[in-house]
Amino acid sequence: MNKELGQVSQSQLYMLFTQYLFTTMLGFRLTALVTEAGFSSWIPLLIGAICGLAITYVSFRVAIKRPTAFFATYGKYIVGKWLHYPLISIMIFTSLFSAAFVLRELQDFLVEVYLPETPDWAVTALISICIAYAVRSGVHAIFRCAQGIFFLTILGMLMIPVFVVRDMNFQMTIAFFQHIQQDKLGTASYLVTALFGEMSFTLFLFPYFSHPQKSFKSLGWAVITSLFIILTSLISTLLVFGPHLTSELIYPELELIRFIRAGSFLENLDPVLIAVWLTSLFIKISLFLFISVIALTHSFSLQDHKPFALSMTAIMVGLSLFMARSKMELAHLTNHGMVSLLLVAEVIPVLYFVVDWTRTALTKR
């Protein structure tokens, strides 16, 4: 594990989190966002991104004071053991549960769209074997995987609006500024903030970064790039389907791809979409699981994370299979618990920052 310290470059950090942010939003959160905000979805998207980046900045300020030490190890010296271990347990569980949640969404997508006769447990088990191997291989392997598919992912997502531009109803563009649902912007912003605030979990990874002082700048550019891609697809989807139909679609981005007219040489883009989603979501799940494993490892003052990789993967699989009995329950869990749990875990570093800042100020006096 020590060989990986300082091996993750800032470009790799930028590439991973760019994919990390827009893949989940376009794959599984677009319907919820449009249902809440309609044509004004771009407003909570911007608000949520700014709020999530603010949460991440506080986390960055905590980590940059001790960039070569792991948060799970030194956190107890800031707030005390009696408070640190319960708080770190919440963050470990949230990271593990988030990995299981994304795994469940990926499983439902594959079973519903492409493998309708396949048992859920078989799909989850096969994906989890690959995830467990990636986590055992270390954080550098996860970031290099993201670097390898970055340009293919970006190119694939940006090409989709180009091939549906002739089917867009540009007369609806005025609705983006006139049909603003102010009463629902708060709920939609809350949802987006939880997604972008997940970058605060980089707090656990700082010793792996080269030039960690530049990490927030890399994450900021990742937010800007992902916002551009999300807005491009969001606007294209609304101009083709409208907000009412989009809110009824389970996978709007998939339907947008299938809407490409016959005769285009990229008519059948389903395999490209699957390759992008599978790999990008695989990376996101692996990173979530690795964070929970590495946090648990350092909480017990151990050096090697590999003994926990298989056991934590097994717990993730169990959570994924039994957290909900149907897609309706999973959607209910998203809106009634999952988002709040994420935000609670994301703002925990704020407490460490306040305590650390207060102690530093008192010491100077």
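In this predicted model, Asp 356 and Arg 66 form a salt bridge, with their closest N and O atoms 3.4 Å apart. The pairing ties together distant parts of the chain, for the two residues are 290 residues apart. Asp 356 belongs to helix H15 (residues 348–364), whereas Arg 66 sits in the loop between helix H2 (42–64) and helix H3 (71–74). The two partners also fall into separate classes of accessibility: Asp 356 has a relative accessible area of 10% and is therefore buried, while Arg 66, with a relative accessible area of 24%, is partly exposed.

In general, side chains of opposite charge can pair when their charged atoms come close. The model holds five salt bridges in total, and two further examples are worth a look.

One lies within a helix. Arg 104 forms a salt bridge with Asp 108, and the closest N and O atoms are 3.3 Å apart. Both residues belong to helix H5 (residues 81–113), and because they are four residues apart there, about one helical turn separates them. Arg 104 is buried, with a relative accessible area of 4%. Asp 108 likewise counts as buried, because its relative accessibility of 11% falls under the 20% cut-off.

The other joins separate elements. A salt bridge brings together the side chains of Lys 284 and Glu 198, at 3.4 Å from N to O.

Turning to helix packing, the axes of helix H1 (residues 10–37) and helix H7 (residues 139–164) come within 8 Å and cross at roughly 60°. Because of that angle, H1 is oblique to H7. The crossing of the two helices is left-handed. On the H1 side, the residues in contact include Leu 13, Tyr 14, Leu 16, Phe 22 and Leu 26. Among those they meet on H7 are Ile 142, Phe 143, Arg 144, Phe 150, Ile 154 and Met 157. The residues of this contact divide into 14 nonpolar, six polar and one charged.

How values were computed:
Residues numbered from 1 in each chain as written. Predicted model: local features only at pLDDT ≥ 70, side-chain atom pairs only at ≥ 80, totals over all residues. Heavy atoms only, no water. Axes fitted to C-alpha atoms, helices over the stretch in contact; angles between N-to-C directions. Parallel < 35°, antiparallel > 145°, perpendicular 65-115°, else oblique. Left-handed = near helix turned anticlockwise from the far one by under 90°. Contact = heavy atoms within 4.5 Å. Nonpolar A, V, L, I, M, F, W, Y, C, P; charged D, E, K, R; others polar. Salt bridge = Lys/Arg side-chain N within 4 Å of Asp/Glu carboxyl O. Buried < 20%, exposed > 50% of the residue type's maximum accessible area, 1.4 Å probe, protein only.
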